[in-house]
Amino acid sequence: MKSRSTLATWLGSLDGSRLARVLGARPDAVSLPEPRSLGELADRLQRPGSVALVLPRLALPHLQVAEALAALGVHASRDALAKLLGAVDDATTRELDTVLETLADHALVWPDGAGQLRMTGPLRQAWDTPLGLDAPLGELLAGTTSDELRGMLVTLGVTPPSAKPHRLAALVEHHSDPERITSVVAKAPVTARKLLDRLAWAATRQPQFVVSGFPGPDLEPGARWALDRGLLIQDRHRYGPARMPAEVALALRGPGWHAPFEPVPPWPRSAPVTPAETDREASAAATAFVTHAASVLAACSAAAPARLKSGGIGARELARIGKAAQADDAVVRITLETSYAAGLLGRDGDRVSPTEAYDAWAEQEPPEQFAVLLQAWRNLPLTPTQARDEDNRALPAIAAAPPCDGCVQARLGLLAAAAQLPAGQGAQVASDLGPLIAWHRPLADSSPQDGTPFAAVIREAELLGVLARGALSALGIHLRSGDTEALSSECRRLVPSATAVARIGADLTAVVTGTPSARLAALLDSVADRETSGTASVWRFSAGGIRRALDAGRIPEDITADLTAVAGGPLPQPLSYLIADTARGHGRVRIAPAACVIHGDEPVLLAELAAHRGLVALGLRQLAPTVLISRSAIDTTLAALRAEGYAPVAETADGTVRIEKARPQRAAAPVPPPRGTSRRDSGRISVAAQRAKAPAAVDPNALANQLLAAPPTTPEPAPLDGEVPFTTDTEEIVAGWAKRLPYSDIRQLAHAIDAGQAVTVEYVATSGSRTVRTLSHLALDPPYLEAWCHLREAERVFTLSRIHSVMPE
């Protein structure tokens, strides 16, 4: 409540322009209806969900300052913060002031008017141990008795006051002086000094894995000496070892240690680049991409790709589409994901098909087509070219994976990082922008490839023309600002309109410079085979392509007329001859569908069968006076003819009459005796088996007495059968999403979530592979389960419906 009141007071002290900056920086927290008071506005600005949306957008120095402030505790001055960060010179001090002003604009950190810096509660809770420091001494001593405080003060040589609050204040005051701490530790035994030094620096070196459990009577060597002086505090109400107060850790790290603070971004190696060079390369990349994208979607329209049982479009379908569109895997994946996000593709049963919106998109000019895909790429909740998972298995496209905000931030971080490069300069190597992106968006998903961070998103930006010659193009500038009108204008400037004319040569090729129009591409695809795509597309004419058009119902005259119209003149003689020769031989042999053939020596009888009204359902068709074909199977045709009074016979494949003789039904052969058993013993075994099968005589009275004496064992009904309610809300939530789990596994998983225990599950990944994983730190976020995966040693998000079994750890 005090944090709320100080924030409301600070908001009230701002002028109109500064308050507008705060509201503009946190539009997610200022939603309709408008807040009725500054107190209500302060409540909205401190909502955990609102703060969680801001954190991924902060740069590295903002997070470093916030973490340092969280480590200092509730009461921290700007001077103490500057000292901890090592901001002593004028340049670093100005950078710190700039960072604090930015945090204030986001209503995350603000001055309280008493010389102290205040931080919103959810931001403070973002770190369990900021800077590797535990809670302050006053917080750790909350459960300590007055006698224990007195013992610590006496051991330190401080006269203890009479009241507990005064004793606590005296101990906190003593430990607030780093010189006193170092003086006390200097007199400690060697084992205690080593223990304290290790604990003070442990969190700054590498993560420490502590086995949970009640503190036992056996302490580490030197721990008792530190506990008696308040240098370590044993928490009776918490699992784990003794804890070191933040004041003690900072004192032992020494005055030379400072919290990390990097206000200056890491600039990559740069090279001069002119706007004309950037525009030229961006135009070439965008034109090539939109041409390939149109080919990819045309291939999907011709043959809708099939979806995997686990969801998404698999590697085989991706390879087929890439081959048909003459595009590599990265372009295919970007096109499919952006088109799906823009509504050009949709799920249609077990396939992914173009929607009606695709038909309208295909009729647009390439600049408008490219603008739609580019805007969809900016907000994609994934990295489309990430083709492998952490197990190096192929990932499907359009797999409906959980949304990844870190992927969006990686894209926005790239735009922000490239925009900060000096004017007229670009990175010599585009991959060198990775550290700069990490500085602007440290919480973004880096998606490293071959050890290079942000390589995937950088490569995507180059393919789309957003990044050209290591610099942000005009497309990227307007994509970053979110100005759709300006972006569409730049697309029209850099991406040429569609070409409706083809250059047809005597070598039976058609060359189209630029992006072919939808009508031209459809015409050439129907009569020729595409060989290359990009800034120039090439089709090759062949007898197979002309025959494909004739099979689709085209006539030679129409094919010649359409090609003449797009060529702007008469066709080369070789192509005219190819069309005429192919048409001359087309249809000389015809194939009719038939399930069986009816033939005989009497034309009158076969004509009667063809005209018989009772045989219309067979689909009879007379090919010759003595030959009929039937669209029905041979047995169906036989039965129908016999039902009408005819006496046909069936033939085998070699033309002989099929003999319809029913075989008598016989029992299966007797089961042979087991191996190693003689024939003489087999009879004994058979007789013994018969005796075993015969029911033994049962005394009803004895059976009744046994049943009455037996204790009641009524099975516990499962809530899944609707007989009783669930024990906890967590069980009901898990049961609603984990449809594959029996109730026993649901109860076990729900108990692990509520009790914070580890659990082992059998999980089926999106690639279809089964793995057994041990999970801890479970957090339920239906339909997902967030947990620490011991197999990957990282936090992972698991889909509840993909958990097939649960085992105790």
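The model is predicted; local features need pLDDT of at least 70, side-chain atom pairs count only at pLDDT 80 or more, and totals for chains, interfaces and linings use all residues. Residues are numbered from 1 along each chain as its sequence is written, and side-chain values use heavy atoms, without hydrogens and water.

Helix α17 spans residues 315-325 and helix α18 residues 329-341 (helices are DSSP runs of H or I, at least four residues; strands are runs of E, at least two; both are numbered from the N terminus). The two helices pack at about 105°, with their axes 9 Å apart (axes are lines fitted to C-alpha atoms over the stretch in contact; angles run from 0 to 180 degrees between N-to-C directions). Helix α17 is therefore roughly perpendicular to α18 (65 to 115 degrees). Leu-318, Ile-321 and Gly-322 of α17 meet Asp-329, Val-332, Arg-333 and Leu-336 of α18 (contact means heavy atoms within 4.5 Å).

Two backbone features lie in loops. A cis peptide bond joins Pro-782 and Pro-783, with omega about 5°. Pro-783 sits between β18 (770-781) and β19 (784-789). Leu-131 is not a glycine, yet has a positive phi of about 60°. Its loop runs between α8 (121-124) and α9 (137-140). Most residues other than glycine have a negative phi, and most peptide bonds are trans.

Val-649, Val-657 and Ile-659 make a nonpolar surface patch of about 330 Å² (patch residues have over 30% relative accessible area and no salt bridge, and nonpolar side chains are joined within 5 Å; areas come from the Shrake-Rupley method with a 1.4 Å probe; a salt bridge is a side-chain nitrogen of Lys or Arg within 4 Å of a carboxyl oxygen of Asp or Glu). Val-657 lies in the loop between α31 (634-643) and α32 (679-693).

Technical notes: Parallel < 35°, antiparallel > 145°, perpendicular 65-115°, else oblique. Patch = residues over 30% accessible without salt bridge, like charges linked within 9 Å, V, L, I, M, F, W, Y side chains within 5 Å.
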